Amino acid sequence: MDTQRQPARQLIGDPGFPAARRLEGKVAIVSGAGTRPFSGEPRIVGNGKATAVVFAREGARVALVDQRTEWAEQTQEIIAEEGGQAILIEADVTDAEACRTAVAKTLAEFGRLDVLVNVVGITGPAGTAIELDLEGWDQAMRVNVTSMMLMARYALPPMIESGSGSIINISSVSGLIGGHPSLLYPTSKAAIIGLTRDMAAHHGRQGIRVNAIAPGTVFTPMVASRGVTPELRQARMKGTLLEVEGYAWDVANAAAFLASDASRWITNIVLPVDAGASATRLQPLSPRSDGLLPPVRGEPVEP
Ligand SMILES: NC(=O)c1ccc[n+]([C@@H]2O[C@H](COP(=O)([O-])OP(=O)(O)OC[C@H]3O[C@@H](n4cnc5c(N)ncnc54)[C@H](O)[C@@H]3O)[C@@H](O)[C@H]2O)c1
């Protein structure tokens with residue numbers, strides 16, 4: 001809290017002036033803190049990288065967990081260049097022992113643990129129930145869902161001991177709405193929502209908040225490397241209510257809020273960060289009574 005400026009009145013529940021560094025004093029683990037390299041546009045970042053950088057800017061000390069340390073090194077470099085503190089931990093989060101060690105290393109280095117952001121996720125095998133590869137299904141479910149339980153399994157005890165903690169699981173709007181061309185990805189992202197809600201119920205009385213973020217069609221290297229054409233990129237934007245492109249930074253800022261004490265009364269939610277994309281399907285089903293289309297940005301509007 002800004003100690004220079006105090007509220008004029010002692011109002012019940014008033015948190016005071018917001019601190020510029022909302023995560024000052026906190027220690028966070030971000031899994032999947034690397035970004036897959038994409039030569040087409042090296043300035044695009046993934047959700048884990050952006051989250052780690054934003055958390056460090058907010059004052060947190062961050063453990064960057066990734067199985068590809070070469071992908072997460074740049075995250076650590078950016079944080080160091082900006083005067084923040086981060087350690088790099090190589091771990092495959094599908095492996096229970098690696099998750100246990102990652103938490104132990106974080107505690108050994110920073111002495112506490114306040115926040116866990118489970119970002120790791122993969123697209124997994126393509127196809128319908130008839131077509132998909134069964135081994136690929138099991139492996140991708142382990143990466144997308146089991147890994148979040150495993151990281152929480154070891155992150156929870158020190159949080160419970162200190163009486164507070166925030167766990168943030170990265171789901172997807174495809175876990176909220178139908179329409180994805182493959183079965184694995186949306187199924188795993190919906191499972192993350194169930195996992196979030198039940199973990200929130202199990203650990204609320206221990207002071208632990210558990211929330212999920214459901215990003216929409218953010219433009220990340222994972223997306224760009226699949227060969228998104230300019231037309232498709234435009235269509236992804238147009239498929240939102242705001243009709244603007246979203247980036248990993250938008251996801252990171254939502255995570256920073258859920259990690260901070262500003263969200264102290266928020267648990268068990270799934271926060272879409274999607275420029276309204278998950279609501280757009282309602283539009284064609286609800287035409288205006290005058291038959292006109294709503295005006296778009298830049299069009300003159302007369303009262
Ligand atoms: N890009 C989007 O549009 C979008 C939309 C909704 C949700 N998401 C979700 O956001 C998350 C991150 O997506 P991104 O596009 O930023 O991904 P990314 O592929 O750029 O980064 C993922 C990172 O996770 C790491 N990783 C993968 N498997 C791992 C494992 N087993 N153990 C440890 N680290 C591992 C990778 O090495 C990589 O550094 C995923 O969960 C994804 O489903 C992305």
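Trainee: Which loop is E243 found in?
Mentor: The one between helix 7 (230–238) and helix 8 (248–259). Keep in mind that this is a predicted model.

Trainee: Is E243 buried, exposed or partly exposed?
Mentor: E243 counts as partly exposed, because 13 other C-beta atoms lie within 10 Å. The exposed class stops at 12 or fewer.

Trainee: Which other residue has a positive phi near 55 degrees without being glycine?
Mentor: A275. Its loop runs between strand 7 (270–273) and helix 9 (282–285).

Trainee: And is A275 buried or exposed?
Mentor: A275 is buried, because it has 22 C-beta neighbours inside 10 Å. The cut-off for buried is 20 or more.

Trainee: New topic. Where does S263 sit?
Mentor: In the loop between helix 8 and strand 7. S263 counts as partly exposed, because its C-beta neighbours inside 10 Å number 19.

Trainee: What does S263 touch?
Mentor: F257 and L258, leaving out residues up to four places away in sequence. G178 is another matter: its C-alpha is 29 Å from that of S263, and the two are 85 residues apart in sequence.

Trainee: On to helix 4. How many residues does it have?
Mentor: Helix 4 covers residues 134–162, which is 29 residues. From first C-alpha to last it reaches 42 Å, close to the 42 Å expected at 1.5 Å a residue.

Trainee: Where is the kink in helix 4 centred?
Mentor: On T146, with a bend of about 45 degrees. After the helix comes G163, with a positive phi near 90 degrees.

Trainee: How many residues does the largest nonpolar core have?
Mentor: 68. A28, V30, F55, V62 and A155 have the most contacts inside it. Helix 4 gives the most to this core, with nine residues.

Trainee: What does F55 touch?
Mentor: L23, A28, V30, A60, V62, A256 and A259, not counting residues up to four places away in sequence.

Trainee: Last topic, the ligand. How many residues surround it?
Mentor: 30, and the closest are G32, G34, G46, G121 and M222.

Trainee: Which helix gives the most to that shell?
Mentor: Helix 6, with three residues. Helix 1 (47–57) and helix 6 (221–224) each supply at least two.

Trainee: How does the shell split by class?
Mentor: 14 nonpolar, 12 polar and four charged residues.

Key:
Residues are numbered from 1 along each chain as its sequence is written. This is a predicted model: local features need pLDDT of at least 70, side-chain atom pairs count only at pLDDT 80 or more; totals for chains, interfaces and linings use all residues. Helices (H or I, at least four residues) and strands (E, at least two) are DSSP runs, numbered from the N terminus. The expected span of a helix is 1.5 Å times one less than its number of residues. The bend at a residue is the angle between axes fitted to the seven residues ending there and the seven starting there. A residue is near a molecule or strand if its C-beta atom, placed from the backbone, lies within 6 Å of it. Ala, Val, Leu, Ile, Met, Phe, Trp, Tyr, Cys and Pro count as nonpolar, Asp, Glu, Lys and Arg as charged, and the others, Gly among them, as polar. A nonpolar core is a set of buried Ala, Val, Leu, Ile, Met, Phe, Trp, Tyr and Cys residues joined through C-beta atoms within 7 Å. Two residues are in contact if their C-beta atoms, placed from the backbone, lie within 7 Å.
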